[in-house]
Amino acid sequence: FAACCSLWTACAHYRPAPLDLAALPASYNARRLDDVGLRSFLAEAGESLPDHRWRTSDLALVALYYHPGLDRARAEWLAATAAEVTAGARPQPGVGGEVEYSFAGANGEPRWALALTSLFTLETGGKREARIAEAKARTLAAEAELREAAWRVAAAARGAVQEFQSAEAQVAAAGEELGALRLVEPLLQARYDQGAASTADLARLRAEIQEAVMEYTSLERDRQEAVARLAAALSLPLEELRGASIEEPSRLSCDGLEPLAPDSLQRLALAASWLLKGTLADYQVAEARLRLEIARQRPDIALGPGLFFDHGISKWTVAFGLPGLLLNRNRGPIAEAEAGRELAAAQVYEIQERVLSGVNSAVDRCRSTQAGLAAVDSLLAAVRNRSSLARAAFDRGESSRLDLALLEVEEERARRARITAKERRAAAGIDLETTLAAWLTDPPAQWPDPTRSPRRDAGAGR
């Protein structure tokens, strides 16, 4: 009786955990960049706490702190870890009993008989070891998926920051160009009044101003959309980013490409890719599954030693059996597992080739954008030289203010062309980093471990 009570009290008990869906909107709207838990998380990652300007790495850590997708991936990893305990469990013993009453007893022979039997199952063929190997491989796959998810969240935040900075730069440049065009209008109007300019010239300029106004309005709308996408990437309310100031990176990712040989980049990408590591873990799962199916060809042994009180005579009995005889030698599941292993191997090679191809494409794109940026720099330098000469000529009274204003418009357009070329190079650098699964510029001092929840309270920030 005491043993039964002890087993009963040692059992786990069900505790309901209802979801509080009504609390999510208020919790989401309460997220802040100055949250105490977030600042502590940044400090633990080795980042200096920003007071005015946020670096890209800071905002990537903000995304890792708040993003709900990591909570799901972390829960899947914990579930896979718990499954290792289940896989390592041995068949539990059991007990059985039988009571017999004889209605035809004679000569005072006892009419009652009692049998008490214990039940044991002995696994053969290494089934338990194969189950454990499969469970450990699934844990590795879940951890690789978690770390890949963390990298995707950080890379998405980095891309959203770059898009936001590009949108702001385009709006500012479009405003400068519009202002330069508007300075030209009264000068051209004065020349028209003097009869030195045609109606077509004046109409053409006003059409350019109208197009510039429409483009500025469109770019401002794009900037607002970029802010919304950045807020979504960081899992923050939109209003929290209204006054945030983001620091430009010290250099672009493609800038550090030249010292690295292509084969070095390929090795780096293959070693760092969590997607490839997850695929390798899936192959280990398939390998362990095949091992388990082969082990299942051998039947387990069931033993049932016990005591039998046979109408006053005490007896000791042993029952045994071979449950689950597989007369077909488990050929179907083994063939299926072998095909699954071949599929997993093919997926590994496919991901490897995808990584290698991605590295080559990203490197080529970086180099092509470098050529484009160099061409725009050359154009901008030529326009600035012409503007400088025109300004000197104007100071000497050799040219008009209108000629100088037109060159200033041309210079603003060259600046906008350089901003566009720089955006393309920055986007190419982010593609390269995404392929390499590594940041080439502005990295965090210490990348946080995604298996640890950044929030002490599991429900905080949800």
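Predicted model: local features only at pLDDT ≥ 70, side-chain atom pairs only at ≥ 80, totals over all residues.

Reply: Two strands count as paired if DSSP finds at least two bridges between them.

Start with strand E5, residues 301-310, and strand E6, residues 313-321. E5 and E6 pair in the antiparallel sense, over 9 bridges. One of the bridge partners can be picked out by eye: Leu307 has Trp316 in E6 as its partner. The two strands form a hairpin with 2 residues between them. In this hairpin, His311 takes a positive phi near 50 degrees.

E5 also pairs with strand E3, which covers residues 112-122. The sense is again antiparallel, with 8 bridges between E3 and E5. Here Ala115 stands opposite Phe308 of E5. In a regular strand, side chains alternate between the two faces of the sheet.

Next, a helix. The buried residues of helix H3 (residues 36-44) are Leu38, Arg39, Phe41 and Leu42. Seen down the axis of H3, these buried residues fall within an arc of 160 degrees, so they line one face of the helix.

The structure holds 1 cavity of 30 Å³ or more, and the largest cavity has a volume of about 90 Å³. Phe41 is one of the residues that line the largest cavity, and others include Leu64, Leu70, Arg74, Trp447 and Asp449. By class, this lining has 8 nonpolar and 3 charged residues, with no polar ones.

The open space comes last. The largest pocket has a volume of about 390 Å³. Of the 21 residues that line the largest pocket, Gln165, Glu248, Pro249, Leu252 and Ala426 are the closest to its centre. Helix H6 (127-193) and helix H11 (401-436) are the elements that give two or more residues to this lining. H11 gives the largest share, 7 residues. The lining of the largest pocket divides into 7 nonpolar, 8 polar and 6 charged residues.

Notes:
Residues numbered from 1 in each chain as written. Heavy atoms only, no water. 1 Å grid on protein atoms, 1.4 Å probe; cavity = no way out; pocket = protein on both sides within 12 Å on 5 of 7 lines; lining within 4 Å. Points joined across faces, edges and corners; volume = space filled by probe spheres on them. Nonpolar A, V, L, I, M, F, W, Y, C, P; charged D, E, K, R; others polar. Helix = DSSP H or I, 4+ residues; strand = E, 2+ residues; numbered from the N terminus. Buried < 20%, exposed > 50% of the residue type's maximum accessible area, 1.4 Å probe, protein only. Arc of directions from axis to C-beta.
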